[in-house]
Amino acid sequence: MSLFLVWLALLNEAAYLNLKQKQEEIRTIEENTKEKAEKENNLKPKEEDTLSKTEPDGETARIRVLLMDSGYTTYYHPSVTVVCQGEEVTYTPESPEFSEGPVVLPPQKEGIQVVSIERQEGHPCYSGSLKIEKREEGLILINELPVEEYLKAVVPSEMPSSYQQEALMAQAVCARTYAFKQMEEGRLLEYGADVDDSVNYQVYGNISPQESTTKAVSETKGEVICQNGELIEAYYFSTSSGTTSTDEVWGAAEAASYLKSVACSFDSQETWSRWQAEIPWSRLSEQAESYTGQSAELKDIRITKKSQSGAVIGLSVITEETSFTVSSEYDVREFFSPEGYSVTSMEGERIPGGTLLPSAYFSMELNPGECVRLSGRGYGHGVGMSQNGANEMAKEGYTYREILDYFFKDIEILGAEELFA
């Protein structure tokens, strides 16, 4: 397995970090901020900040992308250096250009390169315009461009361009649906943006447009996934555990009607379809201490709840002094984080662990005082479309529409002109 595919598997958590639980936390903060701003300024959100101002044909719809720093740690930049029309210019919060407001660089034929940011292929180059705005915390960058151009830099960052064309087309439709859904929800309104360029939304511009992925975007131009005329949350993930999940894994009282749990054996031979990890007992003791805020010997860990599809969504952790529960698929994966250790893939390759366990579909063997051995399946949250499953389906002759119909229930694929007419 190439290092690139390992890296891409990690990035396929894009959908994951938009889980219901995290979304609600973010929405609460942003809604409070929005309400405060409206009260202070006695203003409602500007009309141009809503999806209703999008042209009915969807072709001229524009998306505003908030660009993060090189490490994807913050929205604020201490300085910004760009190359525009062959000239390199550096802006700092003290630059006189900000005395009259934000600096807006218009679209350039060759794009606008931001050399103060590092991405997978070096310094990224952006289509569309670039707005540099001064805030108290630093400078923020917003790249505004047509949605279809945005997708050309999203799809290769979310799925290998070497994948089957029908799989890439399914990914393009999911990514477009997701983009319009975020534009509709307005979660980054306080920044004047619709999405950011990280796994918090969809990875954008980490890999430059590729011929196959650009073709996938063009051949599905304007197409989005809907149910009853409404955009769905088009979740996707890397590799299934043998079956897909509904949003019950995130605590939903009732699964979204378009999500269904389906058997998925298409990706059963993929690297992440089966894996093993061994987490030292001392590491889990540290995790327990972080939960309780007190030092105490770890005694036992028990699985208390699984979803219908088999994801572990509840743990009981018992220490010498107390006990506590770990609830939700995300928190379980975080508790068993293999960061600093390794995960062994189906082929026996030892791969550096990340901040999250590959998935919550696992069984465990406890060796108190020594370690916990986990035997797991799949990579990602398991909700929606398996990207590797989609690729294998495409190899078997399924079309992109058949792929989407397989992973999502009672849906229709509409053109933007139908949805926004």
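Start by selecting Thr74, which sits in the loop between β1 (62-67) and β2 (80-84); strands here are DSSP runs of E with at least two residues, helices are runs of H or I with at least four, and both are numbered from the N terminus. You are looking at a predicted model, where local features need pLDDT of at least 70, side-chain atom pairs count only at pLDDT 80 or more, and totals for chains, interfaces and linings use all residues. Residues are numbered from 1 along each chain as its sequence is written, and side-chain values use heavy atoms, with hydrogens and water left out.

Stay with Thr74 for a moment. Its relative accessible area is 25%, so Thr74 counts as partly exposed (buried is under 20%, exposed over 50%, partly exposed in between, with a 1.4 Å probe and protein chains only). Leaving aside neighbours within four places in sequence, Thr74 is in contact with Met68 and Asp69, contact meaning heavy atoms within 4.5 Å. Now show Tyr76: its backbone nitrogen lies 3.1 Å from a polar atom of the Thr74 side chain.

Next, select helix α5 (residues 211-219), where Thr213, Ala216 and Val217 are buried. Look down the axis of α5: the buried residues fall within an arc of 95°, so they line one face of the helix (the arc is that of the directions from the helix axis to the C-beta atoms).

Finish at α6, whose buried residues are Trp281, Arg283, Leu284, Ser285, Gln287 and Ala288.

Note on methods: Polar contact = N/O pair within 3.5 Å; in protein donor to acceptor, adjacent residues only side chain to side chain.
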